[in-house]
Amino acid sequence: MVTFAEISPSRLRAQYESGMSISEIARSIARSYSFTRNRLLERGTTLREKSVGTRLYIDRHPSWADKFVKYRVAKYGKITNQKILLLTMIVTEGYFDRRSFGFTNSQPELHAAFKRMVTDAYGDVRIGRNGLLSRVSSTEIARDIKQLLPNKTFGDPILDRLSLSDKLTARVLRIIADTEGSMIISPKRAPRNYTVESRVVLASTNRKFSKQIWSLLASLRINSNMSVVGVQIMRKDDIRRFIDLVGFTRGIRVVRKHGTQSSWYHFDKHGLSRLFLRICGEQRRARKSGSRGCFADCRTREQTMSKLTRWYREENGGGPVHW
């Protein structure tokens with residue numbers, strides 16, 4: 001160890017300006033931090049800002065920064081099925097920035113699913129919850145997510161992996177259906193009565209992501225149309241195939257309204273898909289018996305909704321609708 005008596009004050013300044021910290025210099029001459037700092041100031045040394053000093057120290061001691069990293073990512077950009085499912089939640093109702101990522105929704109079931117997927121993809125990670133937001137603070141994981149979701153869409157490696165597995169594709173589409181999907185069943189005025197029109201909507205304002213959804217549906221031989229609201233499945237046969245292969249998770253509810261009203265607000269999405277299948281069956285039976293359809297006796301919207309609500313309850317346990 002070099003003592004202060006053996007080193008000139010000018011050399012202290014040279015050491016500091018070469019990148020050594022005051023603490024390092026103080027240890028090398030066996031003096032205190034304040035003593036060393038005062039000697040530097042006496043020599044007219046301009047002290048660095050803390051951020052500059054930290055950067056210089058990391059340049060000289062790269063391993064020092066490791067102790068501040070909470071969660072490690074073994075291989076950046078590595079694709080796993082677990083990551084793909086988590087990324088689907090983030091690309092639909094989540095976010096990521098330089099230091100964190102998260103998921104925003106009002107339904108506890110989806111937050112629980114997000115938590116499971118984070119753990120499956122990245123291990124034991126602390127997830128904070130504040131109202132509608134579940135959030136993870138991690139620059140390492142956020143960096144990995146950014147690489148895998150360019151412009152908040154699936155990167156090509158993810159699409160390549162999905163092309164190899166219909167099962168994984170269906171799981172991804174199920175997440176999109178749960179977070180951004182709707183089973184729409186609406187009364188519709190006909191010339192002599194009311195009837196209903198049905199469609200599945202997978203909402204997205206990101207046109208590139210909508211095109212990816214359309215492509216994933218097509219890979220399962222489900223025809224759909226792109227629109228300004230996202231992707232819509234219109235034909236009954238395609239809706240039935242969607243319900244059979246993808247569907248909605250039981251317990252996920254309709255939480256959005258068109259304007260200030262919604263006929264099915266807070267109804268179960270899975271329950272509405274069962275209602276759609278009931279309507280299809282009732283229409284087949286009615287026409288087979290020679291009737292114009294199962295809604296031929298419905299003269300008003302209220303009568304139509306009354307029949308639909310009754311069928312919904314019958315198809316979902318017979319109990320009351322839970323609001």
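# Briefing: charges, rings and backbone in a predicted model

R256 has a relative accessible area of 47%, so R256 is partly exposed; buried means under 20% relative accessible area, exposed over 50%, and partly exposed in between, with a 1.4 Å probe and protein chains only. This is a predicted model, in which local features need pLDDT of at least 70 and side-chain atom pairs count only at pLDDT 80 or more, while totals for chains, interfaces and linings use all residues. Residues are numbered from 1 along each chain as its sequence is written, and side-chain values use heavy atoms, with hydrogens and water left out.

- R256 sits in the loop between α11 and α12; helices (H or I, at least four residues) and strands (E, at least two) are DSSP runs, numbered from the N terminus.
- Between R256 and E180 there are 76 residues in sequence, yet their C-alpha atoms are 9.9 Å apart in space.

**Salt bridges**

- Side chains of opposite charge can pair when their charged atoms come close.
- The structure has 12 salt bridges, each being a side-chain nitrogen of Lys or Arg within 4 Å of a carboxyl oxygen of Asp or Glu.
- One of them joins the side chains of R240 and D237, at 2.3 Å from N to O.
- R240 and D237 are three residues apart in helix α11, so about one helical turn separates them.
- Both partners are partly exposed: R240 because its relative accessibility is 27%, and D237 because its value is 43%.
- E314 and R278 form another salt bridge, with N and O 2.9 Å apart.
- This pair links distant parts of the chain, since E314 is in helix α13 and R278 in helix α12, 36 residues apart.
- E314 is partly exposed at 43% relative accessible area, whereas R278 counts as buried at 15%.
- R285 and E282 also meet through their side chains in a salt bridge, at 3.3 Å from N to O.
- R285 and E282 both belong to helix α12 and are three residues apart, which means that about one helical turn lies between them.
- R285 is partly exposed, with a relative accessible area of 48%, while E282, at 17%, is buried.
- Through shared partners, salt bridges join R274, R278, E282, R285, R310, E314 and E315 into one network.

**Aromatic pairs**

- A pair of aromatic rings is described by the distance of the centres and the angle of the planes.
- Eight aromatic pairs are found in the whole structure; rings of Phe, Tyr and Trp (its six-membered ring) pair if their centres lie within 6.5 Å, and planes under 30 degrees apart count as stacked, over 60 as edge-to-face and the rest as tilted.
- F101 and F114 are an edge-to-face pair, because their ring centres are 6.3 Å apart and their planes stand at 65°.
- F101 is in strand β2 (residues 100–104) and F114 in helix α6 (residues 108–122), so this pair ties together parts 13 residues apart in sequence.
- F101 and F114 are both buried.
- F267 and Y312 are edge-to-face as well, because their ring centres are 4.8 Å apart and their planes are at 70°.
- F267 and Y312 are buried.
- One aromatic cluster consists of F101, F103 and F114.

**A positive surface patch**

- R189, R192, R292 and R299 gather on the surface as a patch of positive charge.
- Such a patch is made of residues with over 30% relative accessible area and no salt bridge, with like charges joined within 9 Å.
- Lys and Arg count as positive and Asp and Glu as negative, without His and the chain ends; the place of a charge is NZ of Lys, CZ of Arg, CG of Asp or CD of Glu.
- R292 lies in the loop between α12 (269–288) and α13 (301–315).
- At 39% relative accessible area, R292 is partly exposed.

- A30 is not a glycine, yet its phi is positive and near 60°.
- A30 is in the loop between α2 (22–29) and α3 (33–42).
- R221, also not a glycine, has a positive phi of about 60°.
- The loop that holds R221 runs between α10 (207–219) and β7 (225–227).
- R221 is exposed, because its relative accessible area is 57%.

Notes
Patch = residues over 30% accessible without salt bridge, like charges linked within 9 Å, V, L, I, M, F, W, Y side chains within 5 Å. Areas by Shrake-Rupley, 256 points an atom, 1.4 Å probe, with all protein chains shown as cover.
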